[in-house]
Amino acid sequence: MKCFDFVIIGGGIAGLLMAYELGEFNTLLIDKEGILKKASGAAGAFLFPKVGFNTKYTEFINSGIVEAVNFYKSVGINTNTKGVLILPRDKRDIEKFKKYEKEITLPFKKMDGGFFFEIGSVVDPSEVREKIKVNFKKMEVKKIYKRKNWIINDELEAKNLILATGYESVIDIPYIKIRPIWGERIESSNYKADGNLDIFYHKNCSVGEIDGVLKIGATHKRDCLECRENLEEAYELIKKANEIIKIEEFEIEDIKGGFRASSIDYFPVIGKIINIEMLLEHKHIVKGEIPKEFDYVDGLYVINGMGARGFSNAVVCARALKNHILENKDLGILDSKRLFIKWARREGEKFLKEINAKG
Ligand SMILES: Cc1cc2nc3c(=O)[nH]c(=O)nc-3n(C[C@H](O)[C@H](O)[C@H](O)COP(=O)(O)OP(=O)(O)OC[C@H]3O[C@@H](n4cnc5c(N)ncnc54)[C@H](O)[C@@H]3O)c2cc1C
């Protein structure tokens, strides 16, 4: 059986960039469909800042945008950095924007009632796939177990396993719940629009023109695993885009849909996986105590919960997880252990009762 230092399951943007970061080792990326096929293949891959109060979340997103644009440039990917004008959605938002103005940390200019950020960029997932080369195998993972190393489908062996499977899961980790959020977006090269397309826009949706193709995205629908690409949502998007620039004609040539993977607190989820049976020895965690040390499953990691901004979040997360694995650098708010603490407080008692009942 062939043995790898790292096997990463899931060839979306999170898994691809993780495999790239660990390229100096004997690393293999696995996906059942191919590289950047699911949510990552559907993404508009707009890299737009977030406008809001200067919270930890906004800070994480916006520093991530800068890091991502620099990263894509450094590997020769066109970032189409034309700048983005972020506009208030409604009257309430106009009032909020007045407060946000003092909170924004990225360079911006006031424009047409909104904020213009020069950093606003867009990458093309197919160019990312082409330029970021990693060792890849197309395979659906159906069976995983641990001996000395991890065994995958009785076919491959890995010293370390990294789960990057988006909204799907291959190993049940009770404290990590990833919610699927459906989205679709549309494209056309056959359109007529009256407006300045030298820059990108974001209001109730994102709008941008690249190489003669007008891209509009995206919709958001929670808890809708039965959702599929549909014209109704596509027309809704055209209506929303019309609130930004006047669209006289738009022949829908392509609808792309997929399920984003979101954590319960919207921050990505990365790090080592905790052995939940540690609750048996550390029952006080259930009462809210945070242990000094955690009991981790040997050689098992996660990189998930990229939300609606996978093309920037994954750049930051893959680097952070690499530094964590190799140098034990702290993951801060991104560490999946925050979800373990919450889960233990909420469901720990029940888990302990079930374990005791089993004897
Ligand atoms: C319509 C739409 C528009 C979007 N627009 C933007 C945008 O403008 N900017 C932005 O930054 N983000 C955008 N996003 C979000 C972005 O696409 C996601 O955050 C990102 O793709 C998530 O990447 P991922 O690697 O976590 O998941 P995915 O891309 O879903 O990858 C997970 C992979 O795991 C594989 N997998 C799962 N189970 C198995 C198994 N058992 N065996 C083998 N392989 C398995 C799947 O085949 C899949 O390829 C958009 C998303 C959608 C749907």
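The contact between the two takes 14 residues from domain 1 and 14 residues from domain 2. Two residues are in contact here if their C-beta atoms, placed from the backbone, lie within 7 Å. On the side of domain 1 that touches domain 2, seven residues are nonpolar, five are polar and two are charged.

Numbering starts from 1 along each chain as its sequence is written. The pLDDT is the predictor's confidence in each residue, from 0 to 100. The protein chain averages 97, and 100% of its residues score at least 70. Confidence is lowest in helix α8 (residues 337-358), at a mean of 93. It is highest in helix α1 (residues 13-21), at 99. Where pLDDT is low, the predicted coordinates should not be read in detail.

Next, the overall build. The protein chain has eight helices and 21 strands. Both are DSSP runs, numbered from the N terminus: helices are H or I with at least four residues, strands are E with at least two. The radius of gyration of the protein chain is 22 Å, close to the 21 Å that the globule rule gives for 359 residues, so the chain is as compact as a globular protein of that length. That radius is taken over C-alpha atoms, and the globule rule is 2.2 Å times the number of residues to the power 0.38. Along the principal axes, the C-alpha atoms fill a box of roughly 70 × 45 × 40 Å. Of the 359 residues, 44% count as buried. A residue is buried if 20 or more other C-beta atoms lie within 10 Å of its own, exposed if 12 or fewer, and partly exposed in between, with C-beta atoms placed from the backbone. Among contacts between residues at least 6 apart in sequence, 77% join residues at least 24 apart.

Now the ligand. Where does it lie relative to the domains? Domain 1 and domain 2 both give residues to the shell around the ligand, so it lies between them. Of the 45 residues around the ligand, Gly10, Gly12, Ser40, Gly166 and Gly310 come nearest. A residue is near a molecule or strand if its C-beta atom, placed from the backbone, lies within 6 Å of it. The elements that give two or more residues to this shell are α1, β2 (27-31), α2 (39-42), β12 (179-188), β19 (254-262) and α7 (310-327). Strand β19 gives the largest share, five residues. By class, the shell divides into 17 nonpolar, 16 polar and twelve charged residues.

Two residues show the packing. Leu161 sits in strand β11 (residues 156-163). Leu161 counts as buried, because it has 27 C-beta neighbours inside 10 Å. Leaving aside neighbours within four places in sequence, Leu161 is in contact with Val7, Trp150, Gly299 and Leu300. Leu161 and Leu28 are 133 residues apart in sequence, yet 9.9 Å apart C-alpha to C-alpha. Val69 belongs to helix α3 (residues 56-74). Val69 has 20 C-beta neighbours inside 10 Å, so it counts as buried. Not counting residues up to four places away, Val69 touches Leu47, Thr79, Thr81, Ile119 and Ser121. Lys246 is 177 residues from Val69 along the chain, and their C-alpha atoms are separated by 29 Å.

Finally, some backbone details. Ala45 lies in the loop between α2 and β3 (46-47). Phi of Ala45 is near 55°, a positive value in a residue other than glycine. Ala45 counts as buried, with 27 C-beta neighbours inside 10 Å. Asn80 is in the loop between α3 and β4 (84-86). Asn80 has a positive phi of about 40° although it is not a glycine. Is Asn80 buried or partly exposed? Asn80 is partly exposed, with 19 other C-beta atoms within 10 Å. The peptide bond from Gly217 to Ala218 is cis, with omega near -10°. Ala218 itself is in the loop between β16 (213-217) and β17 (221-222).

Definitions and conventions:
This is a predicted model: local features need pLDDT of at least 70, side-chain atom pairs count only at pLDDT 80 or more; totals for chains, interfaces and linings use all residues. Ala, Val, Leu, Ile, Met, Phe, Trp, Tyr, Cys and Pro count as nonpolar, Asp, Glu, Lys and Arg as charged, and the others, Gly among them, as polar. Domain bounds come from an automatic or database domain assignment.
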